[in-house]
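Reader: I would like to go through this entry and ask what stands behind each label.

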Amino acid sequence: MFDKSIKAFENANLFIPGGVNSPVRAFKSVNMNPVFFKSGKGSKMTDIDGNEYIDCVSSWGPLIFGHANEKVVEAISVASKNGTTYGASTEIETLVAKKITEMVPSIEKVRMVNSGTEATMSAIRLARGYTKKEKIIKFAGNYHGHGDSFLIKAGSGAVTLGLPDSPGVTKNIAKDTLIANFNNLSSVEQLFKENKSEIAAVIVEPIAGNMGLVKPRENFLDGLRKLCDSHNSLLIFDEVMTGFRVAKGGAQEIYEVSPDLTTLGKIIGGGLPVGAYGGKQEIMDMLAPNGPVYQAGTLSGNPLAMTAGLTVLNMLNQNVYDKLEIISKKIEDGWNKNIIETNTNAHIARQGSMITLFFSDKNEVINYDDALNLDVEKYAIYFKKMLEMGVYLPPSQYECLFLSSVIDEDDIEKLIISNRMALENIKDE
Ligand code: KE4
């Protein structure tokens, strides 16, 4: 079933560290060789052995309209005939920036970069420059990309591989990153008390997606807002995954809490490399060339990526989110029924089209400690069974599914039947 992928992985390992350009793709935590893909169309992906899968990862979020969406492909091919990059300004950058400010009211100005990591790294530098303070608070299990300041108790691929604190991050950097517990306001209050006026910013995934999906508890985000206001620190919402995914205005629209800065990525690139950070004009205007905080990028605002991103953003309307909700709810309900009827120790967390099926004795995961107690071995068996039945899930229990709007009724039926068979199979293991 995977002969060509196995060969391709051997070959990749000759030239690429770990055979991959991003660790989670190595399938290490699901104890199997990674699958190599050759094409995608709509809700399907095909690997180099010719196996077809329903894609439940959507490239970790960007592909909200599925693979090779006609409008996106057409827009990119037209744009590419005029060239691929100029290293100089283009009007489409302004159109994307304007669109983002219209969709996310807390963003008055926005700067484009090339990845979510660049967005979060730049946002905390800006916060430090603006507040003239040096420390930041992040949350155990949150992942904000691979910037040095964030690789402390990081989620996603870091926790997946058991590397939440990476070598290479100096003590001097690490000392300025304070760790709080997600959904635990008193852990944040305590850090503010111990570090008085030294905290530049609190950065949080408003809906955590890198320890599996963990929603904020009542008043958690509002409590962070109040703490930042009373200590003259900035609140940064890392919406690289949730932005334009869970609602047009992201998590901040759903939970009605306005951050000072927001980081974005994934969907705004329409499948091409894009990140962005934005917020209050007064803060953003601290950035060079007007202000003293420096940040730059050769391909930032690249015209192809902007074209793909704007095409996707222009297609996002309430009907899309309503459709995603119907699709996601049907899958959640079908899987919950299977969990009950197979008497499996598992439960589902969902926010819109972001879903995680947790293998756990507990009936909810609310923080990193809960996440560390998940049955990752059972998840690995489940992942493999679903893969063999033609369903592509995130190769880690510490990630989310990202469903696309092109998942149809046949896909839904197959996702529910496959889940049932995989859960029954696990019982027999
Ligand atoms: P990138 O640098 O990978 O574009 O974005 C970093 C990032 C920042 N903030 C949040 C909340 C994120 O989830 C991410 C990256 N997401 C992971 C998936 N959980 C990327 C997958 C990977 O590392 O290959």
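Reader: What makes Cys-56 count as buried or exposed?

Author: The model is a predicted one. In it, Cys-56 has a relative accessibility of 0%. Buried means under 20%, so Cys-56 counts as buried.

Reader: How do you know whether Cys-400 is buried or exposed?

Author: By the same cut-off of under 20%. Cys-400 has 0% relative accessibility, so Cys-400 counts as buried.

Reader: How do you know how many disulfides the structure holds?

Author: A disulfide is a covalent bond between the sulfur atoms of two cysteines. Here a pair of cysteine sulfur atoms has to lie within 2.5 Å. The closest cysteine sulfur to that of Cys-56 belongs to Cys-400 and is 12 Å away, too far for a bond. Starting from Cys-400, the closest cysteine sulfur is that of Cys-56, again at 12 Å and too far. The count of disulfides is zero.

Reader: Which residues around the ligand come nearest, and what is the make-up of the shell?

Author: There are 17 residues around the ligand, and Ser-22, Thr-117, Asn-210, Asp-238 and Glu-399 come nearest. The shell divides into five nonpolar, eight polar and four charged residues.

Reader: Why is the ligand said to lie between domain 1 and domain 2?

Author: The domain assignment gives domain 1 as 3–64 + 317–428 and domain 2 as 70–315. Both give residues to the shell around the ligand, so the ligand lies between them.

Reader: How far apart are the C-alpha centres of the two domains, and how many residues are in contact?

Author: The C-alpha centres lie 25 Å apart. In contact are 36 residues of domain 1 and 36 residues of domain 2.

Notes:
Residues are numbered from 1 along each chain as its sequence is written. This is a predicted model: local features need pLDDT of at least 70, side-chain atom pairs count only at pLDDT 80 or more; totals for chains, interfaces and linings use all residues. Side-chain values use heavy atoms; hydrogens and water are left out. A residue is near a molecule or strand if one of its heavy atoms lies within 4 Å of it. Ala, Val, Leu, Ile, Met, Phe, Trp, Tyr, Cys and Pro count as nonpolar, Asp, Glu, Lys and Arg as charged, and the others, Gly among them, as polar. Domain bounds come from an automatic or database domain assignment. Buried means under 20% relative accessible area, exposed over 50%, partly exposed in between (1.4 Å probe, protein chains only). Contact means heavy atoms within 4.5 Å.
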